[in-house]
Amino acid sequence: MKDNVERRALKIAAKIMTAGGRNMTSNIMCNACGNIFDVKKILTKKHGDYEVQYFVCPKCERKYQIITTDSKLRDLIRQRKRIDRKFQLMRGKHFRKEAIQKMEFELSEVKKASERMAKGLK
Ligand SMILES: [Zn+2]
């Protein structure tokens with residue numbers, strides 16, 4: 001089953017908030033005109049401290065909002081990416097169990113905080 005465009009926008013948001021993720025930006029069907037397109041560019045609009053990221057249907061120019069962030073949330077996202085990367089590097093090497101558990105905990109806390117915040121900003 002194909003995702004609808006809003007669900008796909010949520011997935012792209014999740015991708016923005018994490019380090020990795022597969023390509024979620026192709027084969028999107030526009031709700032307004034039915035056009036199927038790939039997201040080539042994610043646009044950002046600034047309102048003071050807030051940044052709204054969105055993409056646009058190339059045919060009818062309908063906007064689809066992906067995520068709204070403020071500087072606090074952007075900080076959290078950066079933090080999360082940094083921990084994620086560290087975690088990737090640690091994987092497969094011989095680290096003490098406690099060190100890995102500590103990282104896991106840290107990551108899940110940052111994850112929770114950024115998800116809570118993203119919801120509040122919607
Ligand atoms: Zn369209």
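What percentage of the 122 residues of the chain count as buried? The share is 13%, where a residue is buried if 20 or more other C-beta atoms lie within 10 Å of its own, exposed if 12 or fewer, and partly exposed in between, with C-beta atoms placed from the backbone. This is a predicted model, in which local features need pLDDT of at least 70, side-chain atom pairs count only at pLDDT 80 or more, and totals for chains, interfaces and linings use all residues. Residues are numbered from 1 along each chain as its sequence is written.

View 1. Helices (H or I, at least four residues) and strands (E, at least two) are DSSP runs, numbered from the N terminus. Read from the N terminus on, the order of elements is α-β-β-β-β-β-α-α. Along the principal axes, the C-alpha atoms fill a box of roughly 55 × 35 × 20 Å. Among contacts with a separation of 6 or more, 50% join residues 24 or more positions apart; two residues are in contact if their C-beta atoms, placed from the backbone, lie within 7 Å.

**View 2. The crossing of helix 2 (residues 71-90) and helix 3 (residues 97-121).** Two packed helices are described by the angle between their axes and the distance between the axes. Here the axes come within 9 Å and cross at roughly 150 degrees. That makes helix 2 roughly antiparallel to helix 3. Angles under 35 degrees count as roughly parallel, over 145 as roughly antiparallel, 65 to 115 as roughly perpendicular and the rest as oblique. Axes are lines fitted to C-alpha atoms, for helices over the stretch in contact, and angles run from 0 to 180 degrees between N-to-C directions. The crossing of helix 2 and helix 3 is left-handed, a term used if the near helix is turned anticlockwise from the far one by less than a right angle, with clockwise giving right-handed.

**View 3. Residues in the contact of helix 2 with helix 3.** Helix 2 contributes K72, L73, L76, I77, Q79, R80, I83, D84, K86, F87 and M90. Across from them in helix 3 are I100, M103, E106, L107, V110, K111, A113, S114, M117, A118 and L121. The residues of this contact divide into 14 nonpolar, two polar and six charged. Ala, Val, Leu, Ile, Met, Phe, Trp, Tyr, Cys and Pro count as nonpolar, Asp, Glu, Lys and Arg as charged, and the others, Gly among them, as polar.

**View 4. L107 and A113, two residues of helix 3.** L107 is partly exposed, with 17 other C-beta atoms within 10 Å. Not counting residues up to four places away in sequence, L107 touches I83, D84 and F87. R78 is 29 residues from L107 in sequence, and their C-alpha atoms are 12 Å apart. A113 is also partly exposed, with 15 other C-beta atoms within 10 Å. The C-alpha atoms of A113 and F95, 18 residues apart along the chain, are separated by 26 Å.

**View 5. The largest nonpolar core, seven residues in all.** Its members are A9, I12, I28, V39, F55, I66 and I67. Helix 1 (5-17) and strand 5 (63-69) each supply at least two residues of this core. A nonpolar core is a set of buried Ala, Val, Leu, Ile, Met, Phe, Trp, Tyr and Cys residues joined through C-beta atoms within 7 Å. Residues up to four places away in sequence aside, I67 touches A13, I16, Q53 and A118.

**View 6. T44 in strand 3 (residues 43-47) and E51 in strand 4.** T44 is exposed, with 11 other C-beta atoms within 10 Å, whereas E51 counts as partly exposed, with 17 C-beta neighbours inside 10 Å. Leaving aside neighbours within four places in sequence, T44 is in contact with E51 and Q53. E51 and D70, 19 residues apart in sequence, are 6.3 Å apart from C-alpha to C-alpha. For T44 and K63, also 19 residues apart along the chain, the C-alpha separation is 12 Å.

**View 7. Positive phi at N27 and E61.** Most residues other than glycine have a negative phi. N27, in the loop between helix 1 and strand 1 (28-29), has phi near 60 degrees. N27 counts as partly exposed, with 13 C-beta neighbours inside 10 Å. E61, in the loop between strand 4 (50-56) and strand 5, has a phi of about 65 degrees. E61 counts as exposed, with 10 C-beta neighbours inside 10 Å.
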